[in-house]
Amino acid sequence: MGNLYQIEGIDDDERTGLLQIIIPPAESIQTVDISTNNFEAELGRATGAVTNVILKSGSNAFHGSAFEFIQNNAVNARSYFGGPLGHLSYNYYGGSIGGPIIKDKLFFFADYLGTSDHERVSSTLTIPDSRYYTPNAQGNIDLSAALGAVDPASQAKIGQVFNPASGDGKTTPRTPFANNQIPFSAVNPVSLKILQMVNAAALTNGKLNSSAPLINPANNYTTNLPFTKGTNSFDTKVDWTINERNHLSGRYSYQRVNTFQAPAFGSFLGGPAGGGFEGTGLQTSYSTGGNYDHIFSPTLFTEVRFGVAHLRNNSQPSDYGSNDADTLGVPGVNIAGQPFTSGQVGLTINGGFSGTLIGYSASVPWIRGESNIDFVNNWTKVIRNHTIKFGGDLRRVRDDLLQDQTFSPRGAFTFSDVQTSSNVCPSGPASCVAAKTNISNDIASFLFDLPSQTGRDLNTFFPAYRQWWFFAFASDKWQATSKLTVDLGLRWEFYPPATPRHSGGFSNYDPTTNNIVIAGTGGNPSNLGLETRYKYFAPRTGFAYRATDDTVIRGGFGISYMPFPDNVYAYNYPVRANNSYQPAGASPFTPAVIGDGVTPATFQAGFPAPVKIDIPSSGIIPANTSFLQNQAYFYIPKTFKNAYAESWNVAVQQGFRGNLSLQLAYVANHGVDISGAQNINQPTTYGGGAKSDPENIAFGRTAATNQYFLPFSSNYQSLQVQLTKRFSNSLAFGSAFTWGKAMGYISNNVSPANSPDDGGLLFYANPRKNYAPLDFDRTLNFEQSFTYELPFGRGHSMFSSGFANIALGGWKVSGIISVLSGLPFSVLTNGANLNTPGTSQTANLTGTYHVTHQVGANAHWFDPTAFSVPSGCPASTPTNPVPCTAQNAGLGNTGRNQFRGPGYIQDNFSLFKSFNLFREATMETRIEAFQLSNTPQFVFNSNFSNTNNCCTASSFGQITNTLGSGQGSVNGVGGGRTLQASVHFLF
């Protein structure tokens, strides 16, 4: 998210930098400049890499190309855990042409790219089969096969289901169902209907293994689902050499992309395929710009750039426009006149089942329109041995995004293990401990319709974000001596606080007063009253010293800022609204309750109708009604600061004979005010549950207050070695090795962002405990690339003439091999005996940590018996209250990201040859293999559900996934081997 991508100096990123608006095809690109550390003062708006793409131009001779790349499932291999490959027919084709309009004066270049991707994507899922809901002859659902061993602490079997109607589970321990026999008569009819429909759809659309272990049915369902994606794009560019002092160019790029992903269980149910992104998507985008260069003299010249990048992106779930939630039996979701609320409610069952089990991603539907409007003017002046450059860059950002990501406009239900568990007191009140749970408890909570959380998003306005950015810089490239070059620069970045398109378009929650503040209404400023910061100065300095003809020493230091890094902003009620329900009492074993604080938030309870609240003339709405108290709010602090990175490096490069060079480098950075999204309505004390939420104490609110952002720091240190050989004697190669470590506070899979870019804290009550290796950290990274011309044909000793030269000569082989060490992970429990929302409980390491390297549903990648659940809070009774503190609570003796998952190897190779056809016309043929060795790239589940379920779940410590999905280069790494063939004509 901290990267910047430009086309000929014009910003081509979406506002947050997360995605690009248009990426031109390789056929249209003349050069690519990438600056990854201590870039020049002219570049900024990024804490990571800055990439600038220059499109090709025409010349006095006509030149062109035509090409096509194809992939097909017939020559591909399945992924390790995947089922049989589905259909794949992928075509990537197009061409280009450039030449003169007026010789020596006016030139043109144009290209076209089309892609056609038709697939049946293999999905491997985990769903509840019929055994989880079918009664036996005694009228019970038999979950006895999911029971684990007896837990010595509680003297109850792991996974014992307790009758939720027999007590609150904390002060009044519940009665266990004997041998996990669940009365069928107690099953909620909507829960039963959902499971029956999911199983019927699964049997129709794929293959369901109904004999998988009941305690761990991992990967029991495979299916091949239709997926299509079609792209049409073109680029045009005209260059005009007005005279020797003036040059003008203009370009225009356009792209249209259509995408469709079929849902796992049909449009009515949706399902977890593709992370719930099932339906249709359409994006149209363009990027246009003009560049004018004027030379005043050999030592003074200027350049002026103006450009616009725009996208329109719409996405809809497959059942958009229907009343599927009403039909299922969940009232209040599908609201007449509000099409975003149409479709199916979302459902997630924890414990290892794929989520969202039914429904669609919370992010769909969406409507987005975004524009970047840039004006740039740079000047260059050469004064003796100084090259001085200065300039300014003015950008207007427009971002209109109608999208919900908290729960979804169709509502979402989450079911967990705790609601059908209980404290157990084997030797009286002083011996009470939480029973250990497994998948039995998760499915039982769903059968009884006792959610751990429910929520629903609503839209009342179309959010529209507007902001100006202004950048200025000055730099001096000083040739101090014949051997020493020094770069000195200073950049200033100015980000005035954003404003809405219309008055009232922002609404910020104030957690100190429990008020909603409407921007631009009453006396409230349109920019929410955020501080305007004028001191974002970013010095840049660097040097290069040629110690000898073959030795160069380089180094530098720089500071870089980035803009507000998320699509989320102050879009609360009445811009957006939501209902958010969670357990309200002191017992962690009770279900989420609706707005009255008593009634369980069941399917039948649904969601209340939106309550219209008139906006007072003051623009201040007290959040003191039941409807507003149950909202999850976004809070943008007035003291928000833009994140920045301090980067530094030093490198020594040595040249050797044989066109070899070796570089040793130390590269590092320090992140300051790095943005972390965090729910701040969570306790900083232990054991009190939701009753300890600070806003519950102050205002009676238990719903989330999501602050965007809390500032954190990060640190990265690395040693890098690179050995490069330029092409000679039929061989070129590059070998690069990085030994690095990235440390910080932010975790990926933490609400509300659940993002590697701006996640939150795993331990809210103890922030310092979060400082650990970051979730993306890989300690070792080796990259090897090479190109080798085979020793056949003209110029070689073998097959140098005749037909053998034509058939065998000129072939080259190239490859890229990546070897990376594993990602870090934490071992967590469900935290029931800690009862501290927002603070995870890590496991105790009570044995020797041992990695077995075994994978699959019947093996463990590490030894799970080395871990145990900590004691949590000490036993406490009304007659003998014992406070829970950091000193007496069992928080776990392991740390965040203390352990490492499996590393992986990626090996891509190609074999190619260029044939001369006629004069300058050539044809290149190429065969490529992605992951040629077909080596599986194992990884823990993306949400780490197999390490966050210590220590009794049978899936704990198991690896049942590979990195990514799909087939080779079409859908990313992680699948099996993929072959690709291509032909490329040049003239």
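This note goes through selected local features of a predicted model.

1. Basis. The model is predicted, so local features were taken only at pLDDT of at least 70 and side-chain atom pairs only at pLDDT 80 or more, while totals for chains, interfaces and linings use all residues. Numbering starts from 1 along each chain as its sequence is written, and side-chain values use heavy atoms, with hydrogens and water left out.

2. Helix H3. Helices are DSSP runs of H or I with at least four residues, strands are runs of E with at least two, and both are numbered from the N terminus. H3 is mostly covered, with nine of its nine residues buried; buried means under 20% relative accessible area, exposed over 50%, and partly exposed in between (1.4 Å probe, protein chains only). Among the buried residues are Asn-441, Asp-442 and Phe-446. The cover includes S8, helix H1 (189–205), strand S15 (346–349) and strand S18 (412–415).

3. Ends of H3. Asn-438 caps the N-terminal end, with a side-chain oxygen 2.9 Å from the backbone nitrogen of Ser-440. After the helix comes Asp-449, which has a positive phi near 60°.

4. Aromatic pairs. The whole structure holds 61 aromatic pairs. The rule takes rings of Phe, Tyr and Trp (its six-membered ring) with centres within 6.5 Å; planes under 30 degrees apart are stacked, over 60 edge-to-face, and the rest tilted. Phe-177 and Phe-448 make a tilted pair, at 5.9 Å centre to centre and 35° between the planes. Phe-177 is in the loop between strand S8 (140–142) and strand S9 (181–183), and Phe-448 is in the loop between helix H3 (439–447) and strand S21 (453–459), so the pair ties together parts 271 residues apart in sequence. Both Phe-177 and Phe-448 are buried. Elsewhere, ring pairs build a cluster from Tyr-465, Phe-506, Phe-564, Tyr-569, Tyr-571, Phe-634, Phe-640, Tyr-708 and Phe-709.

5. Salt bridges. The count is 22, where a salt bridge is a side-chain nitrogen of Lys or Arg within 4 Å of a carboxyl oxygen of Asp or Glu. Arg-466 is bridged to Asp-400, with the closest N and O atoms 2.7 Å apart. Arg-466 belongs to strand S22 (residues 464–479) and Asp-400 to strand S17 (residues 386–403), so this pair connects parts 66 residues apart in sequence. Arg-466 is buried at a relative accessible area of 4%, and Asp-400 is buried at 17%. Salt bridges with shared partners join Asp-11, Asp-13, Arg-45, Asp-393 and Arg-395 into one network.

6. Two further bridges. Arg-305 and Glu-303 meet at 3.2 Å, N to O, and both residues are buried. Glu-370 and Arg-368 meet at 2.9 Å, N to O; these two are buried as well.

7. Ser-747. This residue is in the loop between S35 and strand S36 (772–773) and is buried, with 4% relative accessibility. Its side chain makes a polar contact of 2.8 Å with the side chain of Arg-896. A polar contact is a pair of N or O atoms within 3.5 Å; within protein, one must be able to donate a hydrogen and the other to accept it, and residues adjacent in sequence count only if both atoms are side-chain atoms. Leaving aside neighbours within four places in sequence, Ser-747 has contacts (heavy atoms within 4.5 Å) that include Ser-755, Gly-759, Leu-762 and Asp-775.

8. Asn-515. Asn-515 is in strand S26 (residues 515–518) and counts as buried at 19% relative accessibility. A polar contact of 3.3 Å links its side chain to that of Thr-513. Beyond neighbours within four places in sequence, its contacts include Asn-508, Asp-510, Ile-620 and Pro-622.

9. Tyr-254. Tyr-254 is in strand S12 (residues 246–261) and is partly exposed at 26% relative accessibility. Its C-alpha atom is separated by 5.8 Å from that of Ser-285, 31 residues apart along the chain.

10. Surface patch. Leu-664, Leu-719, Val-721, Phe-737, Trp-739, Leu-780, Phe-782, Val-819 and Ile-905 form a nonpolar surface patch with about 740 Å² of accessible area together. Strand S34 (705–728), strand S35 (731–744) and strand S37 (780–789) each give two or more residues to the patch. Patch residues have over 30% relative accessible area and no salt bridge; like charges are joined within 9 Å and nonpolar side chains (Val, Leu, Ile, Met, Phe, Trp, Tyr) within 5 Å. Areas come from the Shrake-Rupley method with a 1.4 Å probe, and for residues only the protein chains shown count as cover. Val-721, in strand S34, is partly exposed at 34%.
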